[in-house]
Amino acid sequence: MTRRFENAGVVLGPVGGRSSALCRFAGHVNAERSTATLAVVDAALAYAEELESLVDVRELLELWKLAHLWGHPEVPDFERPPLSTVSRAIAGYLQNLLEQLTPEQLRELGIALSVSHEMVALALELVEEAAAGSREFQAQTMAEYEAERQLDDDRVGDAVDVLLLDAPGDWPPLQRAALTLALVWDVADLIAYAAELSTVDVLPAPLLWQAPGADHNCASSRVPVPGTDLLVWTKIDPAPFDARPLWSQAARLGLWCWSLDWQRADGTPVLYSGGRAPSPAAARWRAQRATQNLLADPYRAKSPVSGDPLITPR
């Protein structure tokens, strides 16, 4: 048996609790209460771990792009970037796996993973287009197009709400297919997070985080650069995130920004690295990993934005 996700256990803990820990890491705090969700995540990880065509676990990071590439009908004169063989195999497996679930189980997954109204609406548009062929607007002017587009958005929104108003057993086929597609994207994201955690052999060195206070509104840590009198500064901030879960029972997802920088002699900041993460734990992990990579060779560290070196050559 291959152990492609073995290193993820450094962060997530024993395999027995891996799926629930992974869901928490990805911001799905209530998923561990859902038997159906954990069973799906377990099966997805097991499939990816045993996939013979997978050479490097980093290939699975492409799954974060799945919502832009999987389930989209072909459009004349427009070519989407192709998915790799590995991503297509996993997406196809997830599609088949989720299509076997009952409507009640799909609803349970949708609540546990806080599937968003917006993503289900996008999926429904794609499913409708695939079923009916290309969709054409009749507008002759930009104003008419905007009005027609708004009417269509309202129609799609009402159609998505059927998933809330009707009993799962009464869902129309297109709405059920749309929810299934949106969940394929969400479960694929979880596999990508597991792959990201599997790319390191050991935990990044822990940082001494200072909680938000009167002088600063974010969690932060100042780290000395060995052999110098310099400091690098890593920060974590909650970020605005307006994704609305489809079901009111679902936990509202959050978003955290992290950054790693230092200061010039005049006090102005120099950005070295940064990004977004779905949970405080994920933001801390990414910030600590970036800090570890910087400190491994600080003399080569340069800002990708300004080109400023951390250590100015003498």
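Helix axes are lines fitted to C-alpha atoms over the stretch in contact, and the angle between them runs from 0 to 180 degrees between N-to-C directions. In this predicted model, the axes of helix α2 (residues 18–25) and helix α9 (residues 173–197) come within 10 Å. They cross at roughly 95°. Angles of 65 to 115 degrees count as roughly perpendicular, and α2 and α9 are therefore roughly perpendicular to each other.

The contact between these helices can be described by residue. Helix α2 contributes Leu-22, Cys-23 and Phe-25. Helix α9 meets them with Leu-190, Tyr-193, Ala-194 and Leu-197. By class, the contact of α2 with α9 holds 7 nonpolar residues, with no polar and no charged ones.

Helix α9 also takes part in the lining of the largest pocket. This pocket holds about 920 Å³ of space. It is lined by 34 residues. Nearest its centre lie Asp-186, Asp-189, Tyr-193, Phe-241 and Leu-253. Two or more lining residues come from each of α4 (66–69), α7 (117–132), α9 and β4 (269–277). The largest share, 6 residues, belongs to α9. The lining of the largest pocket divides into 20 nonpolar, 6 polar and 8 charged residues.

The second largest pocket has a volume of about 430 Å³. Its lining comprises 20 residues, with Leu-230, Gln-263, Leu-310, Ile-311 and Thr-312 closest to the centre. Strands β2 (231–238) and β3 (256–263) are the elements that give two or more residues to this lining. In the second largest pocket, 10 lining residues are nonpolar, 4 are polar and 6 are charged.

How values were computed. Residues numbered from 1 in each chain as written. Predicted model: local features only at pLDDT ≥ 70, side-chain atom pairs only at ≥ 80, totals over all residues. Heavy atoms only, no water. Helix = DSSP H or I, 4+ residues; strand = E, 2+ residues; numbered from the N terminus. Parallel < 35°, antiparallel > 145°, perpendicular 65-115°, else oblique. Contact = heavy atoms within 4.5 Å. Nonpolar A, V, L, I, M, F, W, Y, C, P; charged D, E, K, R; others polar. 1 Å grid on protein atoms, 1.4 Å probe; cavity = no way out; pocket = protein on both sides within 12 Å on 5 of 7 lines; lining within 4 Å. Points joined across faces, edges and corners; volume = space filled by probe spheres on them.
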